[in-house]
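The tour below goes from stop to stop, with a selection at each.

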Amino acid sequence: MEKYYLSTPIYYPSGYLHIGNTYTTIVADMLKRYKELQGMDVYFVTGSDEHGEKIQKNAEKAGVTPLEFVTNINKEIYKLWDLLDIRYDKYIRTSDKSHDEMVKKIFTRLYEQGDIYKGEYEGLYCTPCESFWTESQLVDGKCPDCGREVHPAHEEAYFFRLSNYKDRLLKYYEEHPEFIEPESKKTEMINNFFKEGLQDLCVSRTSFDWGVQVPFDPKHVVYVWIDALSSYIDAAGYLQDDEKFKKLWPADIHLVGKDILRFHVIIWPALLMALDLPLPKKVFAHGWILFESDKMSKSKGNVIYPEPIVKLYGRDALKYYVMREFNFGSDGNFQSKKFMERVNSDLANDLGNLVSRTIAMAEKYFGGTVNKKNSDDAIDKDLIDVALTRKAVLDEKMEHLNLSVAIDEVFKLIRRSNKYIDETCPWTLNDNEHKERLETIIYNLLEALRISSVLLSPFIPDTAKKIREALGLSEEMKYEECDEFGLVDKYTVKKIDTLFPRLDVDKEVERLLAENENLIKSREEKDGKAKAEEQDAKPAIEFDDFAKLDLRLGEVIDSKEHPEADKLLINTVKIGDETRTIVSGIKKWYKPEDIIGKKVVVVCNLKPRKLRGVESQGMILACENGDDLSLVTSLEDMPSGSVIA
């Protein structure tokens with residue numbers, strides 16, 4: 001049996017997954033089912049990328065260890081994949097001990113053969129993306145990948161000689177035109193990243209310790225590229241199970257979002273070349289899913305989650321919509337109203353109505369048992385021709401993951417069957433003279449539904465199973481059954497519940513958005529309660545620990561907005577006879593004129609740190625509750641410089 005290895009990216013477990021996050025996994029699960037239907041032995045890998053500075057900081061804020069933090073989020077991911085019936089074969093976590101050991105071996109080998117060397121890095125760093133950038137790479141002064149703020153960083157680091165692989169990569173692209181899809185993305189990668197030559201890649205960090213330690217230099221942790229990207233070969237058994245690895249690798253396809261394509265078609269292939277391993281056969285980049293024409297963002301409050309949609313309309317409705325409505329490879333737009341309309345038109349009217357009409361006629365006219373009949377009329381042959389050509393057309397469209405068109409090609413048979421009912425008017429043939437013709441028509445419709453159930457099974461598996469139940473067929477489906485019309489000698493049908501009830505569009509839009517909002521609020525309450533409990537549960541400290549802090553009362557004598565940062569104020573604070581510059585991220589809550597003349601509590605012995613080019617010589621304390629923030633001050637009017645004891 002031919003193998004097929006496919007993967008999603010390993011997701012960064014920083015919060016609940018919305019539809020935009022789950023899109024790739026829905027498609028990957030569909031692709032697994034489709035390839036299995038073709039008779040392949042499919043190995044589907046997904047997982048979570050759990051190391052890095054951002055995870056460590058989020059864990060510190062939550063009052064838990066990084067491992068506890070990512071484990072809790074993974075529990076939610078597991079529940080979501082179960083809800084969507086995602087049938088992955090391997091869920092890999094980069095915090096797994098086996099992964100840790102493999103990464104250390106890879107790093108050591110690359111170092112010993114000269115592909116990794118030690119140096120120093122100074123550049124602009126984006127914490128959410130964990131990426132260093134040069135000034136020229138920024139877009140409007142911000143991270144080119146996520147659009148967030150960057151800050152200067154300087155540290156000792158190990159580097160991978162990515163520059164050595166420029167020519168080999170370009171040659172590989174030329175010799176393997178199928179490697180990057182869509183085709184436009186290959187041109188984009190070459191134009192954006194190869195013209196000025198590839199820079200060597202920073203592959204270790206010293207500013208945090210949540211990660212895989214460099215085995216021969218423990219103050220360094222392995223940076224995300226080698227750690228996260230190597231999960232694809234880890235899942236295949238690299239350096240652990242030679243027989244498994246030989247069977248599975250190279251991967252047949254990596255499905256990734258367009259924002260991480262660069263990592264998968266430049267950095268990852270170069271690392272594999274350095275390890276003398278085959279490259280994946282294809283990397284396919286899809287677009288983002290927008291929400292009501294805007295990119296989903298928790299900070300914008302325009303996130304829609306899969307759970308409310310599945311709860312109200314079933315998981316097949318969600319799966320069908322995201323695969324049919326969006327052109328895989330381009331950005332898609334989740335519109336609540338369009339979702340309801342698509343469910344009504346395609347799933348309720350076309351598919352659901354065809355199933356219910358056909359089963360009802362089989363029961364009414366033949367007591368539920370319909371025998372095979374020969375089809376000689378031209379109108380029959382037209383329906384049969386549409387049915388027998390669907391499999392080949394589907395394969396053609398799926399070759400390049402043209403999902404929207406592929407599903408529509410199957411629905412052409414659904415629509416043709418409905419038209420066939422209108423053309424033949426079977427309800428006019430229920431007499432002795434036309435009984436055989438009536439049975440022929442009903443049989444042809446049942447055969448069209450049988451073929452449709454097989455072809456739709458990768459896309460809407462629950463619905464395909466229900467259709468076969470209505471036809472009295474087993475769940476077992478064989479792809480080659482779609483090449484024959486007249487396969488079943490006799491159908492014994494039975495009624496089933498309505499596949500997709502028609503929706504009141506405007507009412508359901510309000511209902512869905514309300515359900516989504518309720519979920520968001522319940523999660524915020526749950527997380528807030530958990531955070532409060534975690535804060536209450538922080539370990540007791542000795543007085544000597546508290547005494548290490550030098551807390552003093554200061555007076556803000558001047559304040560101005562940071563010219564290069566949206567959230568920062570540059571404050572001049574008088575502390576007794578001393579004056580300090582302190583940069584604070586409080587612009588959202590305070591204007592400069594609001595705090596001039598105010599007394600504030602300052603941590604005076606905090607190590608100075610540059611924030612967007614300005615050295616901050618301390619920290620102004622504030623209390624925070626959700627989205628509310630208030631600066632800490634004294635109840636009585638005390639002079640600046642007063643010691644907080």
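Which residues line the largest cavity? Select Gly15, Tyr16, Leu17, Ile73, Glu76, Ile77, Leu80, Tyr305, Glu307 and Arg523 to show its lining. This is a predicted model, in which local features need pLDDT of at least 70 and side-chain atom pairs count only at pLDDT 80 or more, while totals for chains, interfaces and linings use all residues. Residues are numbered from 1 along each chain as its sequence is written, and side-chain values use heavy atoms, with hydrogens and water left out.

A cavity is a set of points, on a 1 Å grid over the protein atoms alone, where a 1.4 Å probe fits but cannot get out; a pocket is an open set with protein on both sides within 12 Å along at least five of seven lines; lining residues have an atom within 4 Å of a point. Volume is the space filled by probe spheres set on the points, which are joined across faces, edges and corners.

The largest cavity has a volume of about 70 Å³, and the count of cavities of 30 Å³ or more is three. Colour helix H3 (residues 66-83), which gives the most to the lining of the largest cavity, with four residues. Helices (H or I, at least four residues) and strands (E, at least two) are DSSP runs numbered from the N terminus.

Next, go to the second largest pocket, with about 890 Å³ of space. Select Trp133, Gln137, Asn192, Phe193 and Arg262, the closest to its centre of the 35 lining residues. Elements that give two or more residues to this lining are strand S5 (131-133), helix H6 (183-193), strand S8 (201-202) and helix H10 (261-274). H6 gives the most, with six residues.

Now show the open sheet of six strands, in the order S3-S2-S1-S11-S12-S7 with parallel pairing. Strand S3 (90-93) and strand S7 (180-181) are at the edges with a single partner strand each, so one side of each has no neighbour in the sheet. Two strands pair if DSSP finds at least two bridges between them; S1 (residues 3-11) and S2 (residues 41-48) have seven, in the parallel sense. Pick Ile10 to find its bridge partner in S2, Gly47.

Finally, select Met398, which touches Met30, Leu31, Tyr34, Leu403, Ala406 and Phe459, leaving aside residues up to four places away in sequence; contact means heavy atoms within 4.5 Å.
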